[in-house]
Amino acid sequence: MNPEQAERPTYVYGLITADTELPDGLTGLGPSGQVATIAHGRVAAVVSDVPLDRPLGVRGDLVAHETVLDTLAARGAVVPMRFPAVVEEHAIVDELLAPNEDHFVQLLESLEGRAQFTLTGRYEQDAVLREVLEGDEEIRALREKVRELPEDASYYDRVRLGELIVRELEQRQETEGTGIVERLEPLAVATVTNQLASPEDVVNVAFLVERDRQEEFENAVEGIGEELVGRIRLRLLGPVAPYDFIPEE
Amino acid sequence: MSIATQRSGGGGGGYVERAPGGGSSSLADVVALILDKGLVIDVFVRVSLVGIEILTIDARVVVASVDTYLRFAEATNRLDLYEKGGKDLPGLVQGITEGGAKGKTTGVLEAAAEKVNDILASGREQREEREEVRRRPVRQRARENEE
């Protein structure tokens, strides 16, 4: 490696075992579009060139990062790097792989044969609001009051009404969300709960699932989806790379 | 952008929306999946990090606020509790307004991702307006720090 090449900025997507072959058709986020590996001992970094004439983070960069990792995850264990990771080329062996080979091998072994699924669930708004109204007299009364007042006279009552509804939704989230996760947990190796973005969200949990049990897991999710139809819409993303299951160092 | 695929194989069904990942997911999915997750390169590579500008991607979870409360109050007011059987004209009108208001009830994360998307799209079309996008240098060159 000549000195110029050694210092060349290199994008790192993630880590795989050195004996994993790169699948065809991977597209990198750099100008060349190519993806390659740099191996050391039993581990390899999945790398590409990187655009230097613009900041990173456009849609295509994010999608390339995810696509490369998910494609690799479909074939074997992969440790995703946090977006974005750019280092000088020589550092991939000198600083990343060589000093941490054992650690990365262990991490890859712990992920072997496993994939991530992220389950999100969201209330059907009208259905859940009806349930809330039917179950709470105070909310019902406040709603009637608000409906009879002109808009500018009802501001504080409307805020109060909304607040009571949001509280009620958050309580439901807690019981219903936990209930869903508890039913799926036995089918997963590990779970990570993500923060909910809206009061209408019921669940947002990542599951690390053994590939051998993937179908069982998917069927269980489907079964819960059938039970909840009309009240909660479930969405299952995956299999994807184990983004949520990389330990904080 | 978002592709829902029905499962092939297994017990059929279609009660759960499926997104397979691997680039066919929506930008909101990608952002939620990869942002702030994964192995942090700085922990391992301290000397030869390359400082690179990145576009700031905001995908924060917003805590319920007065706006959220008003939104739910409004949605509740629109509900016709006694709506049974066929829909009368107000019922139909209500259906239309609800459809129109769906955008407002999109998740915060999706909204953020759409915003990112807008910014990126405008960045592509009008490169000279790029300065409007907030940028922050993620990290300095470690070497510069040492000097």
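Helices, taken as H or I runs of at least four residues, and strands, taken as E runs of at least two, are DSSP runs numbered from the N terminus. In those terms, Asp36(B) sits in the loop between helix 1 (27–34) and helix 2 (41–44) of chain B. The model described here is a predicted one, and its chain A has an average pLDDT of 94, with 100% of the residues scoring at least 70. Chains A and B touch through 70 residues from chain A and 60 residues from chain B, and an open sheet of 5 strands takes its strands from both chains, in the order 7(A)-8(A)-6(A)-9(A)-1(B).

**Contact between the chains**

- On the side of chain A that touches chain B, the residues divide by class into 35 nonpolar, 13 polar and 22 charged.
- Strand 9 (residues 232–240) of chain A pairs with strand 1 (residues 16–19) of chain B in the parallel sense, and 4 bridges hold this pairing.
- Within that pairing, Arg235(A) has Glu17(B), in strand 1 of chain B, as its bridge partner.

**The sheet built from both chains**

- The pairing in the open sheet of 5 strands is mixed.
- Strand 7 (190–193) of chain A and strand 1 of chain B stand at the edges of this sheet, and because each has a single partner strand, one side of each is left without a neighbour in the sheet.
- From one strand to the next, the twist of the sheet averages 20°.
- Helix 7 (residues 214–228) of chain A packs on the sheet, where it touches strand 6, strand 8 and strand 9 of chain A as well as strand 1 of chain B, and its direction makes about 165° with that of strand 9 of chain A.
- Helix 6 of chain A lies across strand 6, strand 7 and strand 8 (201–210) of chain A, and runs at about 15° to strand 8 of chain A.

**Strand 1 of chain A and its partners**

- Strand 1 (residues 9–17) of chain A is mostly covered, since 7 of its 9 residues are buried.
- Strand 1 of chain A runs antiparallel to strand 3 (residues 43–48) of chain A, to which 6 bridges join it, and here Leu15(A) has Ala45(A) as its bridge partner.
- Strand 5 (residues 86–88) of chain A is joined to strand 1 of chain A by 3 bridges, again in the antiparallel sense, with Thr10(A) standing opposite Val87(A).
- Strand 4 (residues 79–80) of chain A is also antiparallel to strand 1 of chain A and is joined to it by 2 bridges, with Gly14(A) standing opposite Pro80(A).

**Helix 4 of chain A**

- In helix 4 (residues 125–135) of chain A, the buried residues are Val128(A), Leu129(A) and Val132(A).
- Seen down the axis of helix 4 of chain A, these buried residues fall within an arc of 100°, so they line one face of the helix.
- The face of helix 4 of chain A that is turned away from the buried side carries the exposed residues Ala127(A) and Glu134(A).
- The cover over the buried residues of helix 4 of chain A includes elements of both chains, namely strand 6 (114–123), helix 5 (137–148) and helix 6 (155–184) of chain A together with helix 3 (66–78) of chain B.

**Backbone details**

- Most residues other than glycine have a negative phi, and most peptide bonds are trans.
- Asp36(B) has a positive phi of about 60° although it is not a glycine, and this residue counts as exposed because it has 12 C-beta neighbours inside 10 Å.
- Phe83(A) and Pro84(A) are joined by a cis peptide bond with an omega of about -10°, and Pro84(A) lies in the loop between strand 4 and strand 5 of chain A.
- A cis peptide bond also joins Gly238(A) and Pro239(A), with an omega of about 5°, and Pro239(A) is found in strand 9 of chain A.

**Chain B as a whole, and confidence in chain A**

- Chain B has 6 helices and 3 strands, which run β-α-α-β-α-α-α-β-α from the N terminus on.
- Of the 147 residues in chain B, 24% are buried.
- Among contacts in chain B between residues at least 6 apart in sequence, 63% join residues at least 24 apart.
- Confidence in chain A is lowest in helix 1 (residues 3–6) of chain A, at a mean of 83, and highest in strand 3 of chain A, at 98.

Note on methods:
Residues numbered from 1 in each chain as written. Chains lettered and ligands numbered in written order. Predicted model: local features only at pLDDT ≥ 70, side-chain atom pairs only at ≥ 80, totals over all residues. Contact = placed C-beta atoms within 7 Å. Nonpolar A, V, L, I, M, F, W, Y, C, P; charged D, E, K, R; others polar. Pairing = 2+ DSSP bridges. Buried ≥ 20, exposed ≤ 12 C-beta atoms within 10 Å, placed from the backbone. Arc of directions from axis to C-beta. Axes fitted to C-alpha atoms, helices over the stretch in contact; angles between N-to-C directions. pLDDT = per-residue confidence, 0-100.
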